[in-house]
Amino acid sequence: MAKQIDVENLNVYYGDFLAVQDASVNIAPLTVTAFIGPSGCGKSTFLRTLNRMHEVIPGGRVTGKVLLDGEDLYGSDVDPVNVRRTVGMVFQKANPFPTMSIYDNVIAGYKIAGTRKSKNDFDDIVERSLRGANLWEEVKQRLNRPGAGLSGGQQQRLCIARAIAVEPQVLLMDEPCSALDPISTLAIEDLIAELKASYTIVIVTHNMQQAARVSDRTAFFNLAGVGQPGRLVEYDETSKIFSNPSQKATEDYISGRFG
Amino acid sequence: MTSLAAGSRPTRTQPSELVGARLPRWAPVAAAVAGVVLALALKAVLGWTGWLTAFFSAALLFVVVLTGWSFRVEGRRRAKDRLASTLIYSSFVAALVPLVLILGYIVVKGLPAFNADFFTHSMNGVGSRAGGGLYAAFIGTLEQVAIAAIIALPIGLFTAIYLVEYGKGGFARAVTFFVDVMTGVPSIVAGLFVYTFLLLGTGLRPFGAAGSIALAILMLPVVVRSSEEMLKLVPRELRDASYALGVPKWRTIVKVVLPTALSGLITSALLAIARVAGETAPLILLVGYAAKINNNPFHGDQATLPMFVWDQLGKRTGNASDFGEARAWGAALTLVLLVLLLNVGARLLARLARPKTR
């Protein structure tokens, strides 16, 4: 079942540097939430705290709470590996494993982690995940070819298939379309609309039309200035953010009068 | 030739500013000839004896003539370009000449010694007469280098994994520092170290594996350094992708990082082996030399290819002979071929292990 995320007073650090200050958001299950804001405002950093990927970076740490259906992800006995199995992630740059075929890339979450399943189960997972990522028809004839041989848009959908193959409850997407052409972008946006039926989705995007098209709620992050931490400026229904934002900074940003 | 829709080209009435004056294509050749002629003239006028001065004068004059000519005709920028290109090409040739001379000389001197007996017989009872071969030395080198690789490759690879994936802070910096220091340790010092602790310390007689330990010490920094570079080349995105799938770190290293870097790791391993295959100094102390075949690297003196060369030239016994010298060159050629084979093997294996995109 898709889960609810509640972030309470989260501060995100790189070493001593405070990257995001005092952010709180509540994300309902089976919704799409978009994070928008200028480069360097901490929206990707904030996203990575939602599945404990932030601490992979040396010096990365947080204070505050991230609750997944009420359970604190940063609790002392929580295993980050289990968190990441529950909260999947798709990255800005498509990153299929270069040593693996398309088939193996999809089940990489099981194969690398050492989970054994029968060939039939794996076949089912591969077909279901690739169908889920709208890639099945394009690659079903060449599942044993290297994943790195696909086009950029196909690689990104392969990465989405890989992420949903392990059946997470939340899917985080960090600018998944920023390197893609408009047609591939449309394919992924359609996909997000379909995935919403099964997953709670959080997407970081620089493309405001995209945020307006795909998301139910939008969070706007901004920097007070150079060297200042990023802050969550406004978080509301997408329609309200784009038509009648309550903050001046939000209005300036979405209307292009920023800075 | 395909031609697009015909548009009339503008006829040029005055020289374009896009075209600059160029020297003719034969200019470098002409400059070289001029340099040689001038140098010969200087040699005659100034009465130089020998050819070395004339040779270097010719080279210098060639550079001066070509650069000066280019400066007059083509201008400052192109003259600088000519000067830099000439220096780069001559450095390349200067680096290549000794290499080609050495290889050519070894092939010419070593090839006559090659025959079936040479590779299947030892020097037992042959002395300074004809016949005999490097079988014993070949076995010794193979065994000792293999044992050295078995010791050094895992330690080196694990150290590299530690430095890239886990190491941060003072300890990792210290490891890196000592690895760098080890790179500069002279091979005889490594030999002396093992000699003191293993042979003097226990009263053992020299044996093959003692040499392997010294070779392993020499291999280790090479393996660590090159493996580290290969592991660093694995993009962070791949590690992130694996972590984000809920894969523990150690499985990410085993299943994602190492396979992705495999091609480079194989290359670095084989190059490190090739690096020590011809090592001599520590073997003098630790392995000694035996004319007869000794297949056991853990007991008794063993022959090795570098020591074989040394022995056959008469440097060990004081008995030099023409047959011995021919065998020494044959062994030198064998050693070069062995290293060449390792290098070629490294490239082939690396190509096979490289991630494919089709």
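Biologist: Which residues of chain A does UniProt give as "domain: ABC transporter"?
Modeller: An unreviewed UniProt entry places that feature at residues 5-248 of chain A. The model itself is predicted, and the annotation may be inferred rather than shown by experiment.

Biologist: What is the helix and strand content over residues 5-248 of chain A?
Modeller: That stretch is 34% helix and 27% strand. Its end C-alpha atoms are 27 Å apart. Chain A as a whole has 11 helices and 10 strands.

Biologist: How do you know whether the radius of gyration of chain A agrees with a compact globule?
Modeller: A compact globule of 259 residues would have a radius of gyration near 18 Å, and chain A has 18 Å, so the value agrees. Along its principal axes, the C-alpha trace of chain A spans about 55 × 45 × 30 Å.

Biologist: What share of chain A counts as buried, and what makes a residue buried?
Modeller: A residue is called buried when its relative accessible area is under 20%. By that cut-off, 56% of the 259 residues of chain A count as buried. The accessible surface of the chain comes to about 10900 Å², and 47% of it belongs to carbon and sulfur atoms.

Biologist: What share of contacts in chain A joins residues at least 24 apart?
Modeller: The share is 66%, taken among contacts between residues at least 6 apart in sequence.

Biologist: How far apart are the mean positions of the positive and negative charges of chain A?
Modeller: They are 5 Å apart, for 27 positive and 30 negative charges.

Biologist: Why is Ser39(A) called exposed?
Modeller: Exposed means over 50% relative accessible area. Ser39(A) has 56%, so it is exposed. Ser39(A) is in the loop between β3 (32-36) and α1 (43-49) of chain A.

Biologist: Which residues does Ser39(A) contact, leaving aside its neighbours within four places in sequence?
Modeller: Ser39(A) is in contact with His206(A) and Leu223(A). As for Leu158(A), 119 residues away along the chain, its C-alpha atom is separated from that of Ser39(A) by 26 Å.

Biologist: What makes Glu167(A) partly exposed?
Modeller: Glu167(A) has 45% relative accessibility, so the label is partly exposed. The loop that holds Glu167(A) runs between α7 (152-165) and β7 (170-174) of chain A. Glu167(A) is not a glycine, yet has a positive phi of about 50°.

Biologist: Where in chain B does UniProt place the feature "domain: ABC transmembrane type-1"?
Modeller: The unreviewed entry puts it at residues 138-350 of chain B. Over those residues the chain is 77% helix and 0% strand, with end C-alpha atoms 26 Å apart.

Biologist: Which parts of chain B carry the annotation "transmembrane region"?
Modeller: The unreviewed UniProt entry lists several spans, including residues 176-198 and 256-277.

Biologist: What is the helix content of residues 176-198 and of residues 256-277 of chain B?
Modeller: Residues 176-198 are 87% helix and 0% strand, and the end C-alpha atoms are 27 Å apart. Residues 256-277 are 100% helix and 0% strand, and their end C-alpha atoms lie 32 Å apart.

Notes. Residues are numbered from 1 along each chain as its sequence is written. Chains are lettered from A and ligands numbered from 1 in the order in which they are written. This is a predicted model: local features need pLDDT of at least 70, side-chain atom pairs count only at pLDDT 80 or more; totals for chains, interfaces and linings use all residues. Side-chain values use heavy atoms; hydrogens and water are left out. Helices (H or I, at least four residues) and strands (E, at least two) are DSSP runs, numbered from the N terminus. The radius of gyration is taken over C-alpha atoms; the globule rule is 2.2 Å times the number of residues to the power 0.38. Buried means under 20% relative accessible area, exposed over 50%, partly exposed in between (1.4 Å probe, protein chains only). Contact means heavy atoms within 4.5 Å. Accessible areas come from the Shrake-Rupley method with a 1.4 Å probe; for residues, only the protein chains shown count as cover. Lys and Arg count as positive and Asp and Glu as negative; His and the chain ends are not counted. The place of a charge is taken as NZ of Lys, CZ of Arg, CG of Asp or CD of Glu.
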